[in-house]
Amino acid sequence: MNIRTLFHTTCALLSIALILPSAAEAQTPIAGIELQDATPIPSSEALTNPGMGLYLDGTLNAADIPVGAWFAPLIQVGYFRDDWSVIQPAGEGPAGFDAYFKPIFDLWVNRMHRRVAFRFMAENMHSRSTYVTPSWVFGKGVPSVRMKGLYTEEQIDPVFWDERFLAIQEKFIADLGSYLDGRAGLEFIDIGSIGEWGEMHLARWTPDQLLQTGYTLPRYIAAYRRIIDAFARAFPHTRVFLNVGDYEAINDYAAIHGTHFRQDGLKPSGPSADVGNRFFRPYAQRGVICNYELYAGYEEMKQRGWGIRETFAKGLEDPISYLHVNLMNFRQLLTAPEEVKQAVTYAARHVGYRFELTRLQRSKVVRVGASIPGRILLSQTWMNTGAAPCYASYALRWTLADGRGKPVFEQTVFPTHPTTRWWPGQEVAVTDVLNVPAGVSPGAYHLKVAMVQPEAPSVNIALALANGDAHGGYDLGTISLEPRAAGQSWTYREGFERGAGSWTAAPGMAVSAVPGGHGGSAALLVAGTQTGTAWNYAAFDVKAPILPASRYRLSCWMKVDSLQGGAPEPYLKIGLNDSKGKWITNVETNRYDMRHSGDWQRLVAYVETTPDTARGQLAVEKGSLETISAATIRLDDIELELLESP
């Protein structure tokens, strides 16, 4: 049964005269809970959120990204992919890191408030340098092979599976991690240590070169896994991407060591090596973030007759959180053709996760007293309309704001179904109960929602909703707070002065009203030998509805005259059921203290009912199913008092 049907059923029950046991005292009437549909207004704007987005090769010229550029809000990450020799031209260590990184971070992070990503390659056919790997590496005895580059007659490349090369790379990776890991503005880093462009292939290596350098598939896989380990050690707080290919033993090892997947060959027919179906889709639900780069730039795509938007759309069929829109550079994008603008905008609206509140029901009226809190019930349906899962567990912050926008109440709640499991295309039902503190003035207030990371207060997650404010909140309309009169409201109150009522005994036990109560002249006597076929000694079905999303106090007085057979100390419980009688949960009082057997003791529980609660059953609990015990128990002055309700 959905939450709307449940509440309509509850309200119908509450409109009927309540018939209580003849022994029960009069009950204060309880008003029904009335819900109201709200209409969240969706937004088609591109969202810029942590852990996702579009990126493009970085620039060090701020004029390439003017504030008013059409792409400025869409592309938030500058990607710097360089030869290893650029950052360590003279030798090992971080001595030259400042010269390379400081201008990048100063411009992108400090001045433009954007993010950056890096890859440093040991082999790169596009380089105009003879030494992509620094020449000093070979001076340390690392063996090499000679290649022809696209723009150079000769390139000297290392043997990646050589022990000396791996040891030097590990030191370089460790130095990078010490300098960069967890740094503000660093979005991710690619593994670029092995293969052409640091990708998982050896395109220019001839069979003779492989044979002469001792290549074997196990050595190649082992070298990759060793580099993966080095990045995992060096970058525990930074996303690391591996460009995946056909080597499943490498890909899986990367995944279980916290490395994510990227592929640099997206075409209109899909990515190279069919990595979307083979790796991205199954691993995305295991927490692996996925990342595509286009196979070719704009001019080459036009020459091949490839559609721009169609290519993006094909990539977005897979659960990608990042997309390298390497159609052209930032300066060229300023005057890009309309089809490029439309394609990039389309990609920005779909890449990563995109949370939309598609349906909302809330309490129509909330009653708050000077000393009595109020409650707002919120029944929501959310949908992730993006391409990828969300890989962070976020919370929802609900706010009531006055007409000037000033918050008068805020509450942060954590969805039972965490945001990491809000899969793309699936609806997620979320129910929250907001506890409005006593003393909030009656009136009309704006209800707002924000998605937040409580551990990082400055982080607000953009939602696919209209009417957003500067603090990450989205206005969902007004809600009325009305004054609540003080007073007690008992759902059930029993002193057994007029008999045992509808209490029933478990097998082997008997119930009866007997003289000698706690607060009056009578009490309920529960006595006999419990045969080990039930959890309780006696039970009672509460005739009045138990309100959902409410707070009750359950209390009683209990006296245990005798308890034999090794049974645990007894207590009172309430079992909560839905409108069809299906059990939801139990709430228990404290246990009777057998050190003071023969004394009347007060047992108490505070009961938070679930949003689907409709009925309840009280029971004197034994606390063990198997134990056979003889018991003589007296019960008196049972109260189930409503404290707060929507």
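How many helices and strands are there in the protein? The protein has 13 helices and 31 strands, where helices (H or I, at least four residues) and strands (E, at least two) are DSSP runs numbered from the N terminus. This is a predicted model, in which local features need pLDDT of at least 70 and side-chain atom pairs count only at pLDDT 80 or more, while totals for chains, interfaces and linings use all residues. Residues are numbered from 1 along each chain as its sequence is written, and side-chain values use heavy atoms, with hydrogens and water left out.

The C-alpha trace spans about 105 × 60 × 45 Å along its principal axes. Of the 646 residues, 54% count as buried, that is, under 20% relative accessible area, with exposed meaning over 50% and partly exposed in between (1.4 Å probe, protein chains only).

Aromatic rings supply the local detail. Rings of Phe, Tyr and Trp (its six-membered ring) pair if their centres lie within 6.5 Å; planes under 30 degrees apart count as stacked, over 60 as edge-to-face and the rest as tilted. The count by this rule is 47 aromatic pairs. Among them, Trp70 and Phe71 are edge-to-face, at 5.6 Å centre to centre and with 90° between the planes. Trp70 is partly exposed at 22% relative accessible area, whereas Phe71 is buried at 0%. Phe231 and Phe235 are stacked because their ring centres are 5.9 Å apart and their planes lie at 20°. Phe231 is buried at 3% relative accessible area, and Phe235 is buried at 3%.
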